[in-house]
Amino acid sequence: MPSAFALFAKYTAGRVGIPITVVHPVTVFVVHSVTSNGDSWRGASFGLTADYVVMTPTGMNDDTTLTHELGHACTLMHRKKKVNLMNHSHTRGTSITSWQKWWFRLSRHVNFW
Ligand SMILES: [Zn+2]
């Protein structure tokens, strides 16, 4: 049985072996659960190291987790302010700073301004 990483990498969009485009889509995998050190998470991203995020059904059905994980895929890091979209808690807000917008747009996953 392949590892989860190998399985996700195999089915990630845009992975054809030869780069034929400058577009780097992010694939969203919905899985039963995501745990780390005994904690259950609603989703996870591996940031720059993967072109995919994993989401639980609970995460897919709240207001911010998918966007938060896509933010990580586009290199955004956690912020301490609860109102910020990149706060770790699922009760986070939806605001982002101008700096975060600028940084997000520099990601290889974003091809519009
Ligand atoms: Zn996070």
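Helix 3 (residues 65–73) lies across strand 1, strand 4 and strand 5, at about 10° to strand 4. That angle runs from 0 to 180 degrees between N-to-C directions, with axes fitted to C-alpha atoms, for helices over the stretch in contact. Contact here means C-beta atoms, placed from the backbone, within 7 Å. Helices (H or I, at least four residues) and strands (E, at least two) are DSSP runs, numbered from the N terminus.

This is a predicted model: local features need pLDDT of at least 70, side-chain atom pairs count only at pLDDT 80 or more, and totals for chains, interfaces and linings use all residues. Residues are numbered from 1 along each chain as its sequence is written.

- Three strands make an open, mixed sheet in the order 1-5-4, where pairing takes at least two DSSP bridges between two strands.
- Strand 1 (27–30) and strand 4 (43–45) are the edges, each pairing on one side only.
- Strand 4 and strand 5 (residues 52–55) run antiparallel, joined by three bridges; Ser-45 has Val-53 as its bridge partner.

**The core**
- The largest nonpolar core has eleven residues, among them Val-26, Tyr-52, Leu-70 and Met-86.
- Such a core is a set of buried Ala, Val, Leu, Ile, Met, Phe, Trp, Tyr and Cys residues joined through C-beta atoms within 7 Å; buried means 20 or more other C-beta atoms within 10 Å, exposed 12 or fewer, partly exposed in between.
- Strand 5 gives the most to this core, with four residues.

**Tyr-11**
- Tyr-11 sits in the loop between helix 1 (4–10) and strand 1.
- Tyr-11 counts as exposed because it has 10 C-beta neighbours inside 10 Å.

Conventions. Contact = placed C-beta atoms within 7 Å.
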